[in-house]
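This report covers selected side-chain and backbone features of one protein model. The sequence and structure come first.

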Amino acid sequence: MNIDLSNKKVLSLIIICIVIAILVFSYYKIICLYRSNHLFASNASKYAEELEKPVFKLEKVLVYSDANIKDLSEDKNLSNINISQYTDFAIYINNKTRNKRLTEENTVNNIYIDNISITPTAIGKQKINYKDIKKICKYEAIEHGVNKIEYKVIHNNKDKSKEVAENIFYTDCSEPLVVAYVNENIIQNEDVSNSQERLALDGSMLKYLNVDLESLKYKISFTINIENNLGEKFFTNCSLDINLNSSEGGIYTGYIMQLHDMNSNNYIFRKVN
């Protein structure tokens, strides 16, 4: 089809169509830009609120480290002992930064820890698993180490009063997550029966046997995952350097208890979009 551009009406119509097309395209771009800016501002506002008042936040981690002395001698005279070093972690979650009341938003429906990793020590065999809060600060052997711990969430006082053998966490975050670490057999078949000192069956035995605490230090890292009672999902990554020494003597004194203050924006639970 031939268009006669010499015809003023045709030319005017073409120009009008071009102008309309430009205006429509410009309007579309403006709308897209406005929408993008609005979304950016909205997301930035939500992110700022998450940083300032997160739904869930790591508050503190209590770390207790000791050693277990196993007497394998027939006469129980410490002529054949094995030593394992253990650490218990009590991980406290603050769910009342944004709202002081308990709501579906700040209560837990599902929680688990995964991506658990530990840097190797120079001696021993390292394992991680769950521990009952009633047994915290007491040695308990770990049969199988894991890199994921799933917890059974208790939602009401009726269930809370029951004795449950499974991994437990309360929906209101009233008690900590508990994680147990054992470094088995850092000392094997040692004879201390002829010692002229009075020996305690705890971490002080490491000092008596000249165990270098540098050989027992490690880093533990993991991810805590939460689903609240609205079905929203959150996570945070945590990493802790565990040093059994201190200016007071550390585990050489028998045991060492450390409190890691996690009140930092680095340890808020980020919402999964």
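## Basis of the values

The model is predicted: local features need pLDDT of at least 70 and side-chain atom pairs count only at pLDDT 80 or more, while totals for chains, interfaces and linings use all residues. Residues are numbered from 1 along each chain as its sequence is written, and side-chain values use heavy atoms, with hydrogens and water left out.

## Cysteines

With a disulfide defined as a pair of cysteine sulfur atoms within 2.5 Å, the count is 0.

Cys-137, at 29%, is partly exposed.

## Aromatic rings and charges

A pair of aromatic rings is described by the distance of the centres and the angle of the planes. Rings of Phe, Tyr and Trp (the six-membered ring of Trp) pair if their centres lie within 6.5 Å. The model has 7 aromatic pairs by this rule. One aromatic cluster consists of Tyr-64, Tyr-86, Tyr-139 and Tyr-255.

Two lysines lie over tyrosine faces (NZ of Lys or CZ of Arg within 6 Å of the ring centre and within 35 degrees of the ring normal). Lys-60 is placed over Tyr-92, 4.8 Å from the ring centre. For Lys-148 over Tyr-112, the distance to the ring centre is 4.7 Å.

## Nonpolar surface patch

Ile-15, Val-19 and Leu-23 make up a nonpolar surface patch, and their accessible area together is about 270 Å². Patch members have over 30% relative accessible area and no salt bridge, and nonpolar side chains (Val, Leu, Ile, Met, Phe, Trp, Tyr) are joined within 5 Å. A salt bridge is a side-chain nitrogen of Lys or Arg within 4 Å of a carboxyl oxygen of Asp or Glu. Areas are from the Shrake-Rupley method with a 1.4 Å probe, and for residues only the protein chains shown count as cover.

Val-19 belongs to helix H1 (residues 8-52). Helices (H or I, at least four residues) and strands (E, at least two) are DSSP runs numbered from the N terminus. Val-19 is partly exposed, because its relative accessibility is 41%.

## Asparagines with positive phi

Asn-115 is not a glycine, yet has a positive phi of about 55°. This residue sits in strand S3 (residues 108-118) and is exposed, at 53% relative accessible area.

Asn-210 also has a positive phi, near 55°. Its place is the loop between helix H3 (204-208) and strand S8 (218-228). With a relative accessible area of 68%, Asn-210 is exposed.

Key
Buried means under 20% relative accessible area, exposed over 50%, partly exposed in between (1.4 Å probe, protein chains only). Rings of Phe, Tyr and Trp (its six-membered ring) pair if their centres lie within 6.5 Å; planes under 30 degrees apart count as stacked, over 60 as edge-to-face and the rest as tilted. Patches are made of residues with over 30% relative accessible area and no salt bridge: like charges are joined within 9 Å, nonpolar side chains (Val, Leu, Ile, Met, Phe, Trp, Tyr) within 5 Å.
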